[in-house]
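Hello,

Here is the structure I promised to pass on. Have a look at it first, and then read on for what turned up.

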There are 2 protein chains.
Amino acid sequence: MSKVLVVYSGGLDSTALLYKCISEFDEVEAINFDYNSKHNASERKAAQKICDLEGIKLTEVNMPFINELFKSDLLQSGGDIPEGHYAEDNMKSTVVPFRNGIMLSIASGYAESIDADTIAIANHFGDRAVYPDCRQEFVQPMIGAILEGTGGKVRLISPFVGLTKAQIVEVGCSHGAPLELSWSCYNGGDRPCLKCSTCAERTEAFLLNNLQDPSLSSEEWEKAINIWKKYS
Amino acid sequence: MSKVLVVYSGGLDSTALLYKCISEFDEVEAINFDYNSKHNASERKAAQKICDLEGIKLTEVNMPFINELFKSDLLQSGGDIPEGHYAEDNMKSTVVPFRNGIMLSIASGYAESIDADTIAIANHFGDRAVYPDCRQEFVQPMIGAILEGTGGKVRLISPFVGLTKAQIVEVGCSHGAPLELSWSCYNGGDRPCLKCSTCAERTEAFLLNNLQDPSLSSEEWEKAINIWKKYS
């Protein structure tokens, strides 16, 4: 029997991954990390709602030390989230140092404790320019470190490492993922700001699929497209 | 200028490493992880005392999720610590899954935040049979994952990976490490129990150097030798 633990934020990418895993593994659990980013609370609400929908156990891990010790504008202790296009120059300040390495390591230890043979993460090609720990060059040795460090018990997969966000939307739709419930905006809050780079990136991903973002009202979608046009 | 962040428990191995680093780097900081093991409090007291002695900044990171979620007899939530020789059969229950991977990942992110170019860990040859995340086969890919995942900013070193504990005692002494202040016993408490496998291993390491363990009274040392003889 195969059992996977999905690193699950409640965002678009990891929601698509969760549903891909539901169709490919016998058993699925999810793990969510709260590192006091500005958008953790909004993401977590989405994650819980979607897991409840599928009867999937979601384990939450608090990592207050990241907000206390690390420097990043993505954190509550950091500066403002930059607006505009999802490009290297204005996004570097949102890097949380080695975030994926930390989440994957904790997930590996927990996976071993619950006898999950696989952990899955939704890092993707679109993130590679800005976030070094989203790249294939990071994932490849991490696969080896996790396999060796757990005595051969846990295998890491990152099936989206070569995909764009638009392709992830396609995968999500093909597996029936409720993308309308997922949360992306870096600013948190009740509704997406539509202005931050991750909102712009999400808009583009749906546009390239000739779809309207199902999480937005028609009015919000119009606004999102106009902002995206301005920045691209 | 070189700056190193040492993963520092306050135990014998990492105390030797700390002093080796003091002599080899321009700047040294230390990071201590509390994962609610039975001996964390005793180790931490030793770590703080030794860092104070050298004016080294010691940062403490709490990881309560490990005790809450992981299974291991080393944890307060686990069963009794096994007695006897430090061998595979009776020590497996003390493995905290992927512990070193987790500590190294958090240390990597913190190192990037404080502009340390190197992180150092004291995993050694004697631990390799029982703890998979102490082996060279784990360290090697982890070096790559950390280097790539921090965008080339942080390098991992583990200079004791091929050394026995006896050789580490020798290194520690040659760098003037106050090994009498370090703590090893897995059971915590005010004085070492002398019965657990890590007490036996420590006794052996000093014996092989024709030294008395400087942390013990003459009476305790006699007792430690007798227990060690019984088990080996």
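Among contacts in chain A between residues at least 6 apart in sequence, what percentage join residues at least 24 apart? The figure is 70%. Please keep in mind while reading that this is a predicted model.

Let me start with the fold of chain A. Its secondary structure consists of nine helices and five strands, and along the sequence they come in the order β-α-β-α-β-α-α-α-β-α-β-α-α-α. Chain A has a radius of gyration of 17 Å, close to the 17 Å that the globule rule gives for 232 residues, so it is as compact as a globular protein of that length. Along the principal axes, its C-alpha atoms fill a box of roughly 50 × 40 × 30 Å. Of the 232 residues in chain A, 50% are buried.

Next, the core. The largest nonpolar core has 134 residues, and those touching the most other members are A:Val6, A:Ile119, B:Val6 and B:Ile119. Leaving aside neighbours within four places in sequence, A:Ile119 is in contact with A:Leu5, A:Val7, A:Leu104, A:Ala107, A:Ser108, A:Ala111, A:Val154 and A:Leu156.

Then there is the meeting of the two chains. Here 34 residues of chain B are in contact with 34 residues of chain A. On the side of chain B that touches chain A, the elements giving two or more residues are strand S3 (57-62), helix H3 (64-69), helix H5 (99-113) and helix H6 (136-149) of chain B. H5(B) gives the most to that side, with 11 residues. By class, the residues on this side of chain B are 15 nonpolar, 12 polar and seven charged.

Finally, a helix pair in chain A. The axes of helix H8 (residues 197-207) and helix H9 (residues 218-231) of chain A come within 9 Å and cross at roughly 105°. Since angles of 65 to 115 degrees count as roughly perpendicular, H8(A) is roughly perpendicular to H9(A). From H8(A), the contact is made by A:Cys199, A:Ala200, A:Thr203 and A:Glu204; from H9(A), by A:Ala224, A:Ile225, A:Ile227, A:Trp228 and A:Tyr231. The contact of these two helices has seven nonpolar residues, one polar and one charged.

Technical notes:
Residues numbered from 1 in each chain as written. Chains lettered and ligands numbered in written order. Predicted model: local features only at pLDDT ≥ 70, side-chain atom pairs only at ≥ 80, totals over all residues. Helix = DSSP H or I, 4+ residues; strand = E, 2+ residues; numbered from the N terminus. Rg over C-alpha atoms; globule rule 2.2 N^0.38 Å. Buried ≥ 20, exposed ≤ 12 C-beta atoms within 10 Å, placed from the backbone. Contact = placed C-beta atoms within 7 Å. Nonpolar A, V, L, I, M, F, W, Y, C, P; charged D, E, K, R; others polar. Axes fitted to C-alpha atoms, helices over the stretch in contact; angles between N-to-C directions. Parallel < 35°, antiparallel > 145°, perpendicular 65-115°, else oblique. Core = buried A, V, L, I, M, F, W, Y, C linked by C-beta atoms within 7 Å.
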